[in-house]
Structure formats: structure tokens, C-alpha cells
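Please read the following briefing alongside the sequence and the coordinates.

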Amino acid sequence: QPQQPPAAGPSRLPSKTLDLMDDSRRAVAQILPNLWLGSREAASNLSLLKRLGIVACVNCTEHPHLFPKHFRYHHVCVADLPEVDITAAFEQSKCAQWVERQHADTTDPRGSGVLVYCQQGVSRSCAVTLALLLHLRPAWTLIGAYSHVKKQRRQVRPNLGFCKQLCAYELRVRGQQSAKVGRKGLEPVKGGTLPTPGLESCRRV
């Protein structure tokens, strides 16, 4: 039976990190222990990224990378428009493979944290993060992943075109469809249920 992403628990980040994050609380959220989702505001805060242990960023904007001398970057260059095929851009850029390599790299003393960001941290970066979670967490369904991301960062809302593409993407890579597109975004399919709880610890910030 598929696993539901775990409920958010108390943060164990150092107090200095939490103090710094107060100013950017709405700009960044932790999705997995080594995966963060946020806005360009968060991605522009060099001190914050360093304190969070970020070593690499997935840039989902149409703008150049912000700190190429400090972090490794991967570009999923898309506009936030329903007709843009973000799942094709995700696959063609081999984003999942790139993120997996960053997570597997144990040679960087700073850690293995990856930040996925777009302008507002609401649509493009959320869509890419959901596609990533289908690869990084094989037991999670799309609707379960969306529920988890929504708990961690309440303002996320991929545009309806992206939502439709993600549903088709889940069906293609998983052979099942757990979500449908509603008026407000992704919703469980009729008769569907969220995955059952898993054991992994994730923190909300």
C-alpha cells in the first residue's frame, strides 16, 4: 500500500537558522530533510541558503542563476503559463537524475540540501517538486505528495495546466492516477484515498 508523506514535526534546525528564517518564513519551506521549496526571495538570500545547508538549486524561473560561485545550479527554464509543458521540461533537463546526484554526493562538507525555486514559490517550483517526489519517494502518490507539500507551504498552487500535466505524468510513470484537476487545483480521484502514513521525519518551517 502506498505511503502517505509523514506529518510535519517540530523543527530541529539550529536556533540561529530559525532566527534568520523569520524574515523569510513565507519564502522557503522544507519538503524533505534535504529538499527545500521556495521563492526567488529565498534563493536571493545567500546567508539563509548557507545556514540551511543548501549546496544546489533548481532554478525554475527564466532568470539567470543567482549565486553560481556558491552553489551548483540546474535550470528548468519555463514560463508560468498553463500551455507550457513543464513535465516535458522536467524530463528533458533530466532534473530528477541531477537532484539525485546532489543528494548522493557525500564529498561536499556543506551537506546535500537542494532548493527548488521560482519567482513566488507557488506554481512552477511546486510542480517541479511534485514531479521530483514521484521519483525520490516511489511509495508516494501524486495526491499524497501534494497534500504533504501543501502542509509544508500552504500557498503552493500550480496553475491548472501544470496540474493536468502532473496527473498525466503520474499515470505514465506510475501506471495509476491518484489525482484529478479541480477548480482549485489537484484533488483526489473519486473513491481514492491518501496514502497510508510512512515513517520518515519531515519538518515544517
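**Helix packing, burial and a loop residue**

In this predicted model, helix H6 passes helix H7 in a right-handed crossing. The residues that form the contact of H6 with H7 divide into eight nonpolar, one polar and no charged.

**Packing of H6 and H7**

- Two packed helices are described by the angle between their axes together with the distance between those axes.
- For H6 and H7 (residues 142–152), the packing angle is about 130 degrees, and the axes lie 10 Å apart.
- Angles from 65 to 115 degrees count as roughly perpendicular and those over 145 as roughly antiparallel, and H6 and H7 are therefore oblique to each other.
- On the H6 side, the contact is made by Cys126, Thr129, Leu130, Leu133 and Leu134, which meet Leu142, Ala145, Tyr146 and Val149 of H7.

**Buried side of H5**

- Within helix H5, which spans residues 95–104, the buried residues are Cys95, Ala96, Trp98, Val99, Gln102 and His103.
- These residues are on the same side of H5, because the arc that they cover around the axis is only 160 degrees.
- The cover over the buried residues of H5 includes strands E5 (54–59), E6 (72–75) and E7 (113–118), as well as helices H4 (86–92) and H6 (124–136).

**Loop between H4 and H5**

- Lys94 is located in the loop that runs between H4 and H5, and its phi is near 55 degrees, which is a positive value in a residue other than glycine.
- Lys94 counts as exposed because its relative accessibility is 51%, where the cut-off for exposed is over 50%.

Technical notes. Residues numbered from 1 in each chain as written. Predicted model: local features only at pLDDT ≥ 70, side-chain atom pairs only at ≥ 80, totals over all residues. Heavy atoms only, no water. Buried < 20%, exposed > 50% of the residue type's maximum accessible area, 1.4 Å probe, protein only. Helix = DSSP H or I, 4+ residues; strand = E, 2+ residues; numbered from the N terminus. Arc of directions from axis to C-beta. Contact = heavy atoms within 4.5 Å. Axes fitted to C-alpha atoms, helices over the stretch in contact; angles between N-to-C directions. Parallel < 35°, antiparallel > 145°, perpendicular 65-115°, else oblique. Left-handed = near helix turned anticlockwise from the far one by under 90°. Nonpolar A, V, L, I, M, F, W, Y, C, P; charged D, E, K, R; others polar.
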